[in-house]
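Hi,

Here is the structure I promised to pass on.

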Amino acid sequence: METPRPAPGEVLNTSGEVTVPRPAATVILLRGGDTDLKVLLVQRNPESRFMGGAWVFPGGAVDRGEGEGEDALRAAAVRELYEEAGLSLADPTSLVPFSRWITPAQVKIRFDTWFFLATAPDGAEPAIDGAEIVDVRWYAPRAALDAAAAGDLFLVFPTIKHLEQLSGFATASALLEHARGRTVEPVQPRVLFGGETARIVLPGEPGFES
């Protein structure tokens with residue numbers, strides 16, 4: 001897989017003034033229970049300016065009417081899952097916090113995104129909205145990464161890193177048990193520039209502290 005770079009539509013900030021990140025929420029929808037692990041990925045419309053054609057987890061920014069804080073994040077997560085994939089979660093409190101990612105300061109449009117785990121409703125199947133989302137698929141995390149490496153799936157950096165983490169779990173139940181016992185710490189990657197190119201690095205990786 002190529003060195004991760006900023007996603008399509010991510011405009012680099014050249015003004016020097018750092019943008020305040022907007023609260024957002026994403027749902028990593030699971031199925032498989034005690035026997036398997038698959039996650040739902042949705043393909044953004046290739047004509048979209050921001051991350052067009054990318055396969056991502058359903059999610060988006062918090063609306064003003066949803067308020068602030070954790071309740072607003074959970075409400076946004078449930079809403080985005082319904083709007084993008086046609087799936088309803090009856091209880092927002094059932095969402096399990098998994099991670100929190102903040103867009104690099106070097107990017108103009110920034111989000112402070114919480115990723116939540118949720119179990120897919122029994123018997124429910126996703127539906128394509130045909131506007132923002134043009135396709136949906138269930139993938140084992142490793143299979144999604146392999147498809148991306150083969151050039152059959154376009155994944156952006158945060159999705160890749162989450163799939164790498166998820167691939168370490170054999171079942172949805174094991175993943176949920178792990179997530180319920182962890183403390184979520186914010187992750188803020190950096191964009192490193194080299195000539196006319198830019199690449200993304202995470203805390204602890206070579207070049208992050210330079």
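**What I found**

Lys161 sits in helix 3 (helices are DSSP runs of H or I with at least four residues, strands are E runs of at least two, and both are numbered from the N terminus). Before going on, a word on the ground rules: this is a predicted model, where local features need pLDDT of at least 70 and side-chain atom pairs count only at pLDDT 80 or more, while totals for chains, interfaces and linings use all residues. Residues are numbered from 1 along each chain as its sequence is written, and side-chain values use heavy atoms, with hydrogens and water left out.

**Helix 3**

Is Lys161 buried or exposed? With a relative accessible area of 18%, Lys161 is buried (buried means under 20% relative accessible area, exposed over 50%, partly exposed in between, using a 1.4 Å probe and protein chains only). Leaving out residues up to four places away in sequence, Lys161 touches Trp101, Leu202 and Glu205, where contact means heavy atoms within 4.5 Å. Besides Lys161, the buried ones include Phe157, His162 and Leu166.

**Nonpolar cores**

The largest nonpolar core has 29 residues, and Ile28, Leu30, Leu117, Leu153 and Leu155 have the most contacts inside it. (A core here is a set of buried Ala, Val, Leu, Ile, Met, Phe, Trp, Tyr and Cys residues joined through side-chain atoms within 4.5 Å.) At least two residues of this core come from each of several elements, among them strand 1 (22-31), helix 2 (141-149), helix 3 and helix 4 (172-180). A separate core of 26 residues includes Ala25, Leu73, Ala85 and Ala118.

Thr26 is in strand 1 and is buried at 9% relative accessibility. Leaving aside neighbours within four places in sequence, Thr26 is in contact with Phe57, Pro58, Gly59, Thr113, Trp114, Phe115 and Phe116.

**Strand 5 and its partners**

Strand 5 (residues 96-102) is mostly covered, with 5 of its 7 residues buried. Strand 5 pairs with strand 6 in the antiparallel sense over 6 bridges (two strands pair if DSSP finds at least two bridges between them). Strand 5 also runs parallel to strand 8 (residues 186-187), joined by 2 bridges. Arg100 shows up on both sides: Trp114 stands opposite Arg100 in strand 6, and Pro186 is the bridge partner of Arg100 in strand 8.

Arg182 lies over the face of Phe98, 4.7 Å from the ring centre (the rule asks for NZ of Lys or CZ of Arg within 6 Å of the ring centre and within 35 degrees of the ring normal).

There are 3 aromatic pairs, counting rings of Phe, Tyr and Trp (its six-membered ring) with centres within 6.5 Å; planes under 30 degrees apart are stacked, over 60 edge-to-face and the rest tilted. The ring centres of Phe50 and Phe111 are 6.3 Å apart with planes at 50°, so this pair is tilted. Phe50 is in the loop between strand 2 (38-44) and strand 3 (55-56), and Phe111 is in strand 6 (residues 111-119), 61 residues apart. Phe111 counts as partly exposed at 21% relative accessibility.

Met51 is in that loop between strand 2 and strand 3 too. Met51 is not a glycine, yet has a positive phi of about 55°; for context, most residues other than glycine have a negative phi. Met51 is buried, with a relative accessible area of 15%.

Cheers
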